[in-house]
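Dear colleague,

Please find below the structure that I am handing over to you, with its sequence. My notes on it come after.

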Amino acid sequence: MAKSNSMSKALVRRETIAGYAFMLPSLIFFLGFVIYPMVQCVFTSLFDATMNREDIFIGFANYVELFQDKVFLGALKNTVIIVVVSVPVTCIFSLWVSSVIYDLAGPACSAFRCIFYLPVVTGSVAVAVVWKWMFNNYYGIFNYIGTNTGLIEKNINWLGDEKFALGCIILILLTTSVGQPIVLYVSALNNVDQSLVEAAEVDGATKFQCFWKIKWPQIMPTTLYILVITTINSFQCFALIQLLTSGGPNHSTDTIMYYIYYNAFKLYRYGYGNAMGVVLAIIIALLSAAQFKMAESK
Amino acid sequence: MKKRKFMALALSCVMVGSLTACGGKDTGTNQTTADPAPASTEKAETPAETKENTDTQTAAPADAAQAAEITLWTYPIGSWGDSATVDGLIANFNAVYPDIKVTVEYLDYTNGDDQINTAIEGKQAPDLVLEGPERLVANWGARGLMVDLADLWTDDAKAVIYDSVQNACKSNDGVFYEYPLCMTAHTMAINRDLFEAADALQYLDEATGTWTTENFQKAVQAVYDSGQAAVGVVYCGGQGGDQGTRALVNNLYGGTFTNAEHTEYTANSEENVKALELLKSMDGIDFDASLVGGDEINMFCNSTFAMAFCWNVSQEKNNLEKINFEVLPMAFPSEDGRPQLCGGIWGFGIFDNGDPAKIQAAKTFIDFMANDEKQAIESVKASNYWPVKDLGNIYEGDELMTEYAKFVEYMGDYYQVVGGWAEARTAWWNMLQQIGSGTDVKTAVEEFVTTANTATSAQ
Amino acid sequence: MYMRHKQFNRDTCYKIVSVIIIAILAFAFAFPLYWIIIGSFKTSTAINATTPEWWPQEWVLDNYRKLFSRQVAALWEFHIPFTDISFAGPEVPAAIRWLLNTVFMAVVAMILTCITAAMAGYALAKKRFVGRTVVFSLIVCAMALPKQVILIPLLREMASLELYNTIWAVIFPIVGWPFGVFLMKQFSEGIPGEMMEAAKIDGANEWKTFYTIALPLIKPGIGALAIFTFINSWNDYFMQLIMLTSTKNLTISLGIAKLQAENATDFGLIMAGASLAAIPIIVIFLIFQKYFTKGITMGAVKG
């Protein structure tokens with residue numbers, strides 16, 4: 001017993017040295033460019049920091065102000081809306097598309113897959129500028145089609161109208177985020193054990209039952225993975241907002257991500273921006289941990 | 001397998017190499033010497049050497065006494081935003097000072113401030129920047145980032161530069177952070193053809209370029225009724241061109257933006273509220289949060305709108321090719337027909353990057369561009385605006401400039417040097433967005449003034 | 001039998017209708033790209049027409065000409081460390097330089113990420129070292145973190161490292177982002193322990209075990225990660241926006257964004273820029289399409 005204990009101690013030491021040796025290159029970047037700034041972020045959030053002036057320690061005043069700041073709360077709400085809308089819609093939409101196309105003839109399936117993936121590779125800036133044009137109040141294609149088909153009465157200022165702007169952003173975000181899930185679902189559906197499906201069909205199960213009882217559980221891991229990447233994706237919609245609306249009109253498309261930038265470089269409030277960053281980081285960390293726990297338990 | 005290992009090794013080598021390379025390159029202190037360039041007195045013409053220097057990307061010869069590399073960032077002020085023109089101006093400079101290498105970056109009004117602000121935090125602020133007092137003095141100057149330009153503001157300079165300009169170029173403590181080059185009065189403009197077709201020209205005085213608020217309303221209504229749904233637009237997608245919306249609001253009923261001492265924002269006055277309510281209620285005028293001043297100009301030029309609030313002579317010059325109608329520049333409408341136009345005063349400021357040689361080189365550059373007899377005229381002409389001192393009639397025979405010259409006398413108070421200006425600007429377009437989306441004018445304006453005044457007192 | 005037949009019909013109907021709807025949607029998805037490319041060849045009159053030209057009546061190269069004549073930059077620059085000697089390539093339109101910068105950035109970020117993540121993922125999955133859970137939890141929590149959170153500290157850090165306004169300031173945070181490590185950890189879980197034991201008994205040291213046993217097994221995963229990182233860094237507009245300022249250092253995305261800010265309604269010019277930004281990566285995508293889909297799927301198998 002004692003012997004094996006000391007053996008394992010030596011083993012642990014060896015494993016630890018080897019482990020960290022392998023981790024080292026990655027850790028340098030991870031600690032240097034993610035964790036260190038994050039620590040700085042937490043630290044500076046306790047200060048009133050601005051451009052070219054000594055930081056003044058103010059304790060938690062930034063945080064107190066944060067939760068009284070209407071714009072911040074609005075931005076928080078918008079961020080939540082974007083995630084809550086775009087994640088399920090992306091998942092459901094891509095599952096539906098995949099379930100239809102996965103058993104089509106090879107070329108047709110891959111053509112569809114390819115087309116739905118195009119907006120992902122086009123790049124966020126190129127996508128943003130073309131949508132800006134299409135949404136344009138005066139020579140945009142949406143207003144042209146809308147007014148000519150009688151869907152809308154007169155031109156709508158899509159990105160300049162509080163009622164529509166956030167919806168437009170979400171729509172664009174959706175087009176750029178379904179590509180990957182579709183590819184994933186198509187392959188997951190192709191990997192479903194065909195014999196089980198056939199057995200169920202013989203037993204008289206409908207297509208829907210077949211899907212729900214047999215396929216759905218088998219593609220569950222894919223679904224979880226898609227949830228994770230789509231959530232990450234939804235938090236990365238900065239480019240769309242900065243290029244299309246700058247958070248407007250009337251803060252209706254402000255997200256925390258954009259509001260941090262706005263505070264830093266338009267209002268010079270670094271400490272305040274950092275406090276926002278901390279709050280967002282906590283929310284996201286909790287969300288990731290929850291998703292991960294969910295994935296582990298499955 | 002071997003190959004991959006080699007690649008990784010090679011890569012890390014390259015990485016380290018380029019790291020040092022990139023780190024050293026842009027700070028570019030390697031060829032500055034202790035002996036700074038003497039100011040504008042000597043003018044050796046050495047064009048041959050100039051060419052050599054501008055062509056090589058490498059360091060200037062080590063033995064050159066006044067050598068320095070400086071960066072100039074310009075906002076689009078007339079043709080100062082156009083690389084072909086600026087290259088010419090810099091070639092003139094290099095003909096005289098071949099050892100000072102000037103690298104230019106061009107900013108826009110949408111992201112320019114963010115760009116400079118990130119660069120400041122990135123410790124790579126430009127050496128020279130061409131803009132107006134609202135940024136140079138009230139913003140970066142007030143934050144202690146700029147160099148005091150006292151040695152450029154000699155008694156001679158003070159004697160010739162107009163007093164109003166002088167006052168705008170110094171901070172409240174009397175420190176000069178800007179050396180001015182040119183100025184203009186911002187106007188608005190109408191599409192004369194459209195107005196004529198709508199029989200709306202009767203409401204304005206073409207000779208003086210003025211109109212009353214009442215006539216402005218009638219004119220807009222007439223143009224709107226003639227089938228032009230979008231007559232004008234209160235653009236508020238960002239801060240670009242916001243002087244136009246401010247001037248419009250202030251002029252309609254004689255409101256002011258700040259008090260006379262420039263210590264407090266007064267945009268919540270009765271006159272301003274009334275003006276905003278009027279604009280909100282007018283047919284043909286929309287509050288558009290998807291546009292900024294630059295968009296408005298473009299869309300005026302392609303006849304989408306019948307008038308532009310973000311206008312001055314330079315806009316007309318720069319867009320001549322695009323415009324296929326007659327542009328009629330107008331002052332902003334006011335109750336008594338005596339407009340108070342918002343001015344623009346542009347000049348150079350120097351960021352204090354801690355390198356005396358560069359600062360000296362930058363000063364030499366300013367002195368050459370703004371004070372050299374021949375060059376000053378060219379520099380001002382490049383901006384398409386007017387000089388800040390008497391240089392004679394530099395636009396002799398230029399009809400367009402003569403047409404716009406009449407507006408200079410309507411120039412109002414230069415209030416942009418008020419404290420907290422950067423924050424107040426941001427709050428202004430946010431306020432317009434609020435009003436546009438239906439918030440009560442009084443509430444929105446009060447919120448604006450509170451935000452802006454808080455920013456003033458914080459500074 | 002009759003029942004089955006009816007069901008079959010209904011299913012077929014559903015299928016046909018769905019395929020038609022999806023075909024229409026696919027058309028809508030491809031449309032923006034079509035619009036970018038078509039728009040870049042339109043005259044300015046056609047661009048600003050209230051009635052859009054679905055197919056340009058007149059094809060012009062004006063927009064590209066304008067794009068390429070705007071600014072110039074040296075095609076490449078190389079500086080020998082610790083000296084004043086540097087070499088610059090011939091002057092080309094800045095947009096070409098931007099494209100080159102972007103390719104360089106994406107490729108370097110991809111290679112660095114793959115190397116570091118493969119090693120770290122292997123360690124996390126196969127080494128029972130002290131602090132492993134802590135490190136892994138940190139990684140999971142940081143994975144979804146948007147970079148805006150650490151915007152200000154990161155900017156200051158890059159400034160003090162004198163990396164601001166260099167492509168490295170964009171590359172390093174991408175490499176630091178722990179998603180790759182997470183992905184590679186999931187892959188490495190699948191390496192059979194017995195194979196590693198066997199290698200060890202044969203006298204292989206830690207590095208050799210990783211190199212000869214683990215690496216070949218996780219190769220497909222590395223491929224997936226490479227693709228993922230390449231696209232992500234190509235599209236990582238935010239870091240580029242914050243870290244790069246000089247015209248010669250811009251990436252194509254950033255260049256187009258600036259173009260957009262300067263000429264907000266000159267959509268023809270902007271579309272020319274957007275085409276330039278989008279087409280190279282789309283071509284890469286179409287060529288390697290098979291690997292892309294395979295790579296993406298790989299990532300999920302163990303996710």
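This is a predicted model: local features need pLDDT of at least 70, side-chain atom pairs count only at pLDDT 80 or more; totals for chains, interfaces and linings use all residues.

Residues are numbered from 1 along each chain as its sequence is written, and chains are lettered from A and ligands numbered from 1 in the order in which they are written.

Chain B

Chain B contains 18 helices and eleven strands; helices (H or I, at least four residues) and strands (E, at least two) are DSSP runs, numbered from the N terminus. Of its 459 residues, 55% count as buried. A residue is buried if 20 or more other C-beta atoms lie within 10 Å of its own, exposed if 12 or fewer, and partly exposed in between, with C-beta atoms placed from the backbone. Two residues are in contact if their C-beta atoms, placed in that way, lie within 7 Å. Among contacts in chain B between residues at least 6 apart in sequence, 80% join residues at least 24 apart.

Chain B is divided into domain 1 (63–184 + 345–399) and domain 2 (187–339 + 419–458); domain bounds come from an automatic or database domain assignment. The C-alpha centres of these two domains of chain B lie 29 Å apart. Eleven residues of domain 1 of chain B are in contact with twelve residues of domain 2 of chain B. On the domain 1 side, helix 5 (residues 133–141) of chain B supplies the largest share, three residues. That side has four nonpolar, six polar and one charged residues. Here Ala, Val, Leu, Ile, Met, Phe, Trp, Tyr, Cys and Pro count as nonpolar, Asp, Glu, Lys and Arg as charged, and the others, Gly among them, as polar.

Two residues of chain B deserve a note on their backbone. Asp199(B), in the loop between helix 8 (192–197) and helix 9 (213–225) of chain B, has a phi near 55 degrees, a positive value in a residue other than glycine. Asp199(B) counts as partly exposed because it has 13 C-beta neighbours inside 10 Å. Ser303(B) has a positive phi of about 70 degrees although it is not a glycine, and is placed in the loop between helix 12 (293–301) and strand 8 (307–311) of chain B. With 16 C-beta neighbours inside 10 Å, Ser303(B) counts as partly exposed.

Chain C

In chain C, 79 residues are in contact with 80 residues of chain A. Helix 1 (residues 2–39) of chain C gives the most to the chain C side, with 13 residues. That side divides into 57 nonpolar, 15 polar and seven charged residues.

Helix 14 (residues 270–297) of chain A and helix 5 (residues 132–143) of chain C pack at an angle of about 115 degrees, with their axes 7 Å apart. Axes are lines fitted to C-alpha atoms, for helices over the stretch in contact, and angles run from 0 to 180 degrees between N-to-C directions. The two helices are therefore roughly perpendicular, a term for angles of 65 to 115 degrees. The contact is made by Ala285(A), Ser288(A), Ala289(A) and Phe292(A) of helix 14 of chain A and Val140(C), Cys141(C) and Met143(C) of helix 5 of chain C.

With kind regards

Methods
Angles under 35 degrees count as roughly parallel, over 145 as roughly antiparallel, 65 to 115 as roughly perpendicular and the rest as oblique.
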